[in-house]
Amino acid sequence: MRLDVEAAKADIEQSIDLLRRRLDWDVALRKLDELNARVEDPTLWDNAEAAQALTRERSRLAAQVEAVMSLERDLTDAVGYAEMADEEGDEASLEEARAQLRAIKERGARAELEALLSGEADGNDAFVEINSGAGGTESNDWAGMLLRMYSRWANAHGMTVDFLEETSGEQAGIKSVTLQVKGPNAYGWLKTEAGVHRLVRISPYDSAAKRHTSFASVWVYPVVDDNIVIEINPSDVRTDTYRASGAGGQHINKTDSAVRLTHLPTGIAVACQMGRSQHQNREEAWKMLRARLYEAELQRREAAQAAIEDQKTDIGWGHQIRSYVLQPYQMVKDLRTEVETSDTGGVLDGDLDQFMGAALAQRVGATRDA
C-alpha cells in the first residue's frame with residue numbers, strides 16, 4: 001500500500017483511539033445500553049422532565065458512539081478500496097481513495113474537537129450579537145463584514161441563521177445585528193468568538209487611501225431551552241416598544257412592533273424587531289433575555305474559577321481577541337492562542353475552524369487545570 005495511504009490511515013486511527021479514550025469506550029457502550037433499556041420503560045414518561053433529560057443524554061451519547069463507529073467503518077472501506085486500486089494499478093481509483101481518506105481524516109479531527117464540547121449548553125443553538133465600535137462608517141462596514149463571515153461559517157457547517165434585530169449604518173454596513181444560529185453545538189463553537197475584533201486596512205471610504213483601524217464587538221450566548229431554568233422577576237424588567245426599521249415586510253415603520261427588554265438589576269438589554277407582530281417579538285425577546293442572563297452566570301463562574309488560578313477570562317466585552325490585518329501585509333492572528341494565517345480572504349469567507357478549535361482546546365485545558 002502507498003505510503004501516503006498508510007500515513008492517512010495512521011492519522012485516522014490515532015483520532016479514533018483518542019475519541020475512544022475520551023469517551024471511555026467500554027463504559028460508554030455499557031451506559032448506552034442502559035439508557036436504551038430505560039427509554040423502553042413504559043413508565044419513563046410518568047416524569048416528563050426526567051424523561052426529557054434521559055432521552056437528551058441518550059441522543060448525545062449515541063451520536064458520539066456512532067461518530068467513532070462511522071469513522072472505523074469508512075476507514076476500513078477506504079483502505080480496502082485503496083489496496084484494491086493499488087494492486088490493479090488503477091491510479092484514478094487510488095486518487096479517489098485518497099480523497100475519501102482526506103475527508104475521513106477531516107471528520108476525525110472535527111470529532112476530536114467536538115468531544116471537547118462538554119459544557120451544559122454547548123449543544124444548544126446560539127444568539128450572536130455584533131456591534132460596531134467608534135469610527136462611524138469604517139466600524140459599521142467592519143461589523144457588516146463580520147456578519148457575512150459568521151453567516152458563511154454557519155452555512156458551511158449546515159447551520160441556519162435567523163435575523164432577530166438589525167440597525168443599519170448611515171452609509172454602509174451595520175451598527176448592530178442580532179442573529180440566532182441554529183445547528184448542532186452552535187453555542188459550543190461560537191462561544192470562542194466572543195470579544196473585540198480589530199481590522200486594519202486601507203479604507204475604501206478614504207480618498208487619501210490611508211490605513212484605518214476599526215473595531216467591532218461580538219457577543220455570544222446560548223439559546224436557553226426548557227431544561228435550563230432561569231427565573232426572572234417581571235418587575236425587574238422594563239419593556240419598551242418602538243417602530244422597527246429595515247427589511248421585514250409592509251408592517252415595518254407603521255406599527256410599534258419592535259420590543260426592547262431591559263433587566264434593571266444588571267442593565268442587560270435585548271431587542272427583537274424581525275417578527276411580524278409585537279407578540280412574536282416580545283416572546284423572542286424574553287428568550288433572548290433568559291439566554292443573556294444565563295450566559296452572564298456562566299461567565300461569572302468562569303471568572304471565579306480563573307481567579308483561583310490568577311488568570312483572566314478571555315471572553316466578554318473589552319477583550320480584544322483577534323486582529324485582521326489587510327494592509328500593509330495579509331495576516332489574521334488570534335491574540336489568545338497565537339494561531340495565525342495569511343489567508344485573510346478565506347477567514348473572512350468563514351474559514352474559522354482553526355481559530356475556534358484552538359480557542360476551545362485552550363479553554364478546556366485551562367478549566368481542567370483549574
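A crossing of two helices is left-handed if the near helix is turned anticlockwise from the far one by less than a right angle, and right-handed if clockwise. The model to which this is applied here is a predicted one.

**Exercise 1.** Describe how helix α2 packs against helix α3, and state which residues of the two helices meet.

*Solution.* Begin with the geometry: α2, which covers residues 25-39, and α3, which covers residues 48-88, pack at an angle of about 135°, and their axes lie 10 Å apart. Angles over 145 degrees count as roughly antiparallel and 65 to 115 as roughly perpendicular, so α2 and α3 are oblique to each other. Next comes the handedness, which is left-handed where α2 passes α3. Finally, turn to the residues: α2 contributes, among them, Trp-25, Leu-29, Leu-32 and Val-39, while those that they meet in α3 include Leu-54, Leu-61, Val-65 and Met-69. Sorted by class, this contact of α2 with α3 comprises 12 nonpolar, 2 polar and 4 charged residues.

**Exercise 2.** Summarise the chain as a whole, and decide where its coordinates call for caution.

*Solution.* Start with the inventory, which is 9 helices and 11 strands. Of the 370 residues, 44% count as buried. Then consider confidence: the average pLDDT of the chain is 84, and 88% of the residues score at least 70. Residues 248-253, however, have a pLDDT below 50, although this stretch has 12 contacts in the model beyond near neighbours in sequence. The pLDDT is also under 50 over residues 366-370, where the model has 4 contacts beyond four places in sequence. Where pLDDT is low, predicted coordinates should not be read in detail.

Methods:
Residues numbered from 1 in each chain as written. Predicted model: local features only at pLDDT ≥ 70, side-chain atom pairs only at ≥ 80, totals over all residues. Heavy atoms only, no water. Axes fitted to C-alpha atoms, helices over the stretch in contact; angles between N-to-C directions. Helix = DSSP H or I, 4+ residues; strand = E, 2+ residues; numbered from the N terminus. Parallel < 35°, antiparallel > 145°, perpendicular 65-115°, else oblique. Contact = heavy atoms within 4.5 Å. Nonpolar A, V, L, I, M, F, W, Y, C, P; charged D, E, K, R; others polar. pLDDT = per-residue confidence, 0-100. Buried < 20%, exposed > 50% of the residue type's maximum accessible area, 1.4 Å probe, protein only.
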